[in-house]
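Work through these exercises with the structure open beside you. Try each task before you read its solution.

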Amino acid sequence: MMILVVGGSGSGKSAYAEECISRIAEGRQKYYIATMRIFDDETRVKVEKHRRSRNGKGFITIEQPVSVGSVLKKIKGGTALIECISNLTANEMFGDEEPQPYEAVTEKIISDIKKLDSELEALVVVTNNVFEDGIIYDKATMEYMKALGNINRKLAAMADKVVETAAGNPVVIKETN
Amino acid sequence: MKLVIGGFAQGKLDYVLEQIKHEDYMVLDGKLGCGEALSGKQVIVDHLHRLIRECLESGIDPEEKIFDFVEKHPGCILISDEIGNGIVPVDGFEREYRERTGRLLIKLAASAQEVVRVICGIGQKIK
């Protein structure tokens, strides 16, 4: 069972996703797959802050900035919250010297998430809405946005439920029974 | 006329094409004609925001042009990016483009039979 949570920055998607996974975990182990790569003091502080805010909520945190499918063995049969696809996409795309083409990044991430989805009892995926400012950015950024847009569409098609958060409110935009 | 809006790379055209699957259609990409006859076809205008931008760049009133087109093709489907959910641009032209596009979409939405917002490939009927 997979739920996709999409929203803008500060829209309350993390809080909703945590609440969501806690509701459906029903006593099974909850894993938190964190995709932010720590590369300076700012990201370190951010990760620390996120870790503290999850303290006491029963999550086991796994830091996995790329190749999220590789954690499957550790977490099989449990439940997981993965946050967030926008970081993961940037890490997969810009990890090497040459940026990866958006098609390859899309395929890699979708196949990883499919693996997780098939072996977990429940998976909540958090992603970002960065597509509505109308600005034409540099080529690399547009390529990144194309990748994230495509990934979001594919995740939404796979998901049993898609929820958009706005000002802390969850709005269900897809639900299959 | 139907209006479909949504962010960049959200699958708006795919969504529209799925909805009209069995019809004879014509997609006009950022323009209002293609040298071919459009009668009898389901007309779809994609990237309407680009057309608005080009009009403003060449000093043409996009509103008049688009409403004339809609009058001639009342069954058309117009697709535009949502471009207004960001920081106010520093550049004056970019500000005008953003404002004019937003206002024009409001007018089009008001006279549309149906307005759909697409996010992650999913269409939500908002009118």
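**Exercise 1.** At what angle do helix α5 and helix α6 of chain A pack, and how far apart are their axes?

Solution. The model is predicted: local features need pLDDT of at least 70, side-chain atom pairs count only at pLDDT 80 or more, and totals for chains, interfaces and linings use all residues. Residues are numbered from 1 along each chain as its sequence is written, chains are lettered from A and ligands numbered from 1 in the order in which they are written, and side-chain values use heavy atoms, without hydrogens and water.

Step 1. Find the helices: α5(A) covers residues 102–119 and α6(A) covers residues 139–158. Helices are DSSP runs of H or I with at least four residues, strands are runs of E with at least two, and both are numbered from the N terminus.

Step 2. Read the geometry: the angle is about 30°, and the axes lie 9 Å apart. Therefore α5(A) is roughly parallel to α6(A). Angles run from 0 to 180 degrees between N-to-C directions, and axes are lines fitted to C-alpha atoms, for helices over the stretch in contact. Under 35 degrees counts as roughly parallel, over 145 as roughly antiparallel, 65 to 115 as roughly perpendicular, and the rest as oblique.

Step 3. List the contacts (heavy atoms within 4.5 Å). On α5(A) they include A:Y102, A:I109 and A:K114; on α6(A) they include A:E143, A:I151 and A:M158. The residues of this contact divide into nine nonpolar, two polar and four charged. Here Ala, Val, Leu, Ile, Met, Phe, Trp, Tyr, Cys and Pro count as nonpolar, Asp, Glu, Lys and Arg as charged, and the others, Gly among them, as polar.

**Exercise 2.** In what order do the seven strands of the open sheet in chain A run?

Solution. Step 1. Trace the order: β3-β2-β4-β5-β1-β6-β7, with mixed pairing. Two strands pair if DSSP finds at least two bridges between them.

Step 1. Find the edges. They are β3 (59–63) and β7 (169–175) of chain A, each pairing on one side only. Neighbouring strands are turned by 20° against each other on average, direction ignored.

Step 2. Zoom in on one pair. Strands β2 (residues 30–34) and β4 (residues 79–83) of chain A run parallel, joined by five bridges. A:A34 has A:E83 as its bridge partner in β4(A). A cis peptide bond joins A:E83 to A:C84, with omega about -5°. A:C84 sits in the loop between β4 and α4 (85–94) of chain A.

Step 3. α2(A) (residues 41–54) lies across β2 and β3 of chain A, at about 160° to β3(A). α5(A) lies across β1, β2, β4 and β5 of chain A, at about 150° to β5(A).

**Exercise 3.** Is A:E26 buried or exposed?

Solution. Step 1. Locate A:E26: it is in the loop between α1 (13–25) and β2 of chain A. Its phi is positive, about 45°, although it is not a glycine.

Step 1. Apply the cut-offs. Buried means under 20% relative accessible area, exposed over 50%, partly exposed in between (1.4 Å probe, protein chains only). A:E26 has 65% relative accessibility, so it counts as exposed.

Step 2. Now take B:C120, in the loop between β5 (114–119) and β6 (122–125) of chain B. Its phi is also positive, near 50°. At 2% relative accessibility, B:C120 counts as buried.
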